[in-house]
Amino acid sequence: MDFRPLDELERKQLVNALRGNAEQGRVLLLDRNDTSFAGSADEVPDEEVISAIRSVPCHY
């Protein structure tokens with residue numbers, strides 16, 4: 001994987017999203033394909049929750 005530092009706009013968006021998460025409980029969103037930061041939201045959409053649950057391996 002190649003390291004690519006965040007540009008200034010990406011950095012500001014991520015810092016603001018982290019502050020929103022810490023202070024107001026906002027949700028951080030990640031891109032499913034490459035786990036890059038994809039913004040924040042007040043609530044997680046249902047399809048994101050279902051996708052996250054499906055991605056957890058179950059070994060019973």
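Trainee: In which sense do strand β1 and strand β2 pair, and over how many bridges?

Mentor: Strand β1 (residues 27–30) and strand β2 (residues 37–41) run antiparallel and share three bridges. Two strands count as paired if DSSP finds at least two bridges between them, so three bridges qualify β1 and β2 as a pair. Before we go on, a word on the source: this is a predicted model, in which local features need pLDDT of at least 70 and side-chain atom pairs count only at pLDDT 80 or more, while totals for chains, interfaces and linings use all residues. Residues are numbered from 1 along each chain as its sequence is written, and side-chain values use heavy atoms, leaving out hydrogens and water.

Trainee: What do β1 and β2 form, and what marks T35 in the turn?

Mentor: The two strands make a hairpin, with six residues between them. T35, in that turn, has a positive phi of about 55°.

Trainee: How many helices and strands does the chain have, and in what order do the elements run?

Mentor: There are two helices and two strands, arranged α-β-β-α from the N terminus on. These are DSSP runs, numbered from the N terminus: helices are H or I of at least four residues, strands E of at least two.

Trainee: Why is the chain described as spread out or compact, whichever applies?

Mentor: Set its radius of gyration, 14 Å, against the 10 Å that the globule rule gives for 60 residues: the value is well over the rule, so the chain is more spread out than a compact globule. The radius is taken over C-alpha atoms, and the rule is 2.2 Å times the number of residues to the power 0.38. Along the principal axes, the C-alpha atoms fill a box of roughly 45 × 35 × 15 Å.

Trainee: How do you know whether L18 is buried, exposed or partly exposed?

Mentor: L18 belongs to helix α1. Its relative accessible area is 43%, between the 20% and 50% limits, so L18 is partly exposed. Its C-alpha atom is 16 Å from that of T35, 17 residues away along the chain.

Trainee: And what about S55 and R54, buried or exposed?

Mentor: Both residues sit in helix α2, which spans residues 46–55. S55 has 54% relative accessibility and R54 has 71%; each value is over 50%, so each residue counts as exposed. From S55 to R11, 44 residues apart along the chain, the C-alpha separation is 28 Å. R54 and G25 are 29 residues apart in sequence, with 24 Å between their C-alpha atoms.

Trainee: What makes D2 buried or exposed?

Mentor: D2 lies in the segment before α1 (8–24). A relative accessible area of 75% is over the 50% cut-off, so D2 is exposed. The C-alpha atoms of D2 and A38 are 19 Å apart.

Trainee: Finally, what percentage of contacts in the chain between residues at least 6 apart join residues at least 24 apart in sequence?

Mentor: That figure is 3%, where a contact means heavy atoms within 4.5 Å.

Technical notes. Buried means under 20% relative accessible area, exposed over 50%, partly exposed in between (1.4 Å probe, protein chains only).
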